Every structure is written in C-alpha cells, then in structure tokens.
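Colleague: Could you walk me through the charged pairs and the surface of this one? I have it open beside me.

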Amino acid sequence: QRDVASYRAEINFLAEFAGLLEQRGVRLPKVFSVTSDGVDGLTGICEQHGSLDEGEVFARVMACRFLVVVEDLRPGRFRQELELGGASLEAALFLAARIHGATFEDNDILQLA
C-alpha cells in the first residue's frame, strides 16, 4: 500500500509540478512520459484490502501500469540507496530547499497540492 501511494505521489508531482518548477529555475530531470493506467482504481483497492483476499489485491495491483520516463542526469552513476549519507544526502536536501524556495507561499501551487 505504501509503494502504491509513493508511485501515485511521484506521478502526480511530475505531471503537475515539474514543468512549473523548471520555469522557476529548479533543475529537475526532463519528463518524457508519465503513464498511470489504472492508478485511480488503486485507492479503492487499498481501502478494500481488509475485505479482499491477498491474491485478489495482488491481481488488481498488477493490472495497473506505471511508467515514468525521465532524463538521466547522471548517466552510469545511478544507485538506489536505503539510507542517504554524505554527498547524496546533501544533494537531496539542496534540491528540497530549492523546491521549497521556488514555491514558498504560492497560493496557486497550494491549490494544486
């Protein structure tokens, strides 16, 4: 359920905010494509999880399709980490601060969120 919520948040962020943030000087990967066929039905699946058997939940989740294709900002250097530290943590915090600064007290963006 947490993974589904994470994918949905990423898809919504990229679709709604990436272009706007780029216009405001926040460097994000260029978004080539965001596809989320069946994502809207996932909320209902998660809410019904207590009344559905695990196999049915799995089948419904697997019927959904998520695809996010973005520019690779660091070709050949991608690593997925469970915990950030050092330079990776510093870069993540710097980007979070830039996003915050570019959107601070912007009521139009708050209405979209």
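Colleague: Happy to start with charges: how many salt bridges does the structure hold?
Modeller: This is a predicted model, where local features need pLDDT of at least 70, side-chain atom pairs count only at pLDDT 80 or more, and totals for chains, interfaces and linings use all residues. Residues are numbered from 1 along each chain as its sequence is written, and side-chain values use heavy atoms, with hydrogens and water left out. Taking a salt bridge as a side-chain nitrogen of Lys or Arg within 4 Å of a carboxyl oxygen of Asp or Glu, the number of salt bridges is 2.

Colleague: Which residue meets Asp-106 in a salt bridge?
Modeller: Asp-106 is buried, at 14% relative accessible area (buried is under 20%, exposed over 50%, partly exposed in between, with a 1.4 Å probe and protein chains only). The N to O distance is 2.6 Å, and the partner is Arg-24.

Colleague: And how far apart in sequence are the parts that Arg-27 and Glu-71 tie together?
Modeller: Arg-27 forms a salt bridge with Glu-71, with 3.0 Å between the closest N and O atoms. Arg-27 lies in the loop between α2 and β1 and Glu-71 in the loop between β2 and α5, so the parts tied together are separated in sequence by 44 residues.

Methods
Helix = DSSP H or I, 4+ residues; strand = E, 2+ residues; numbered from the N terminus.
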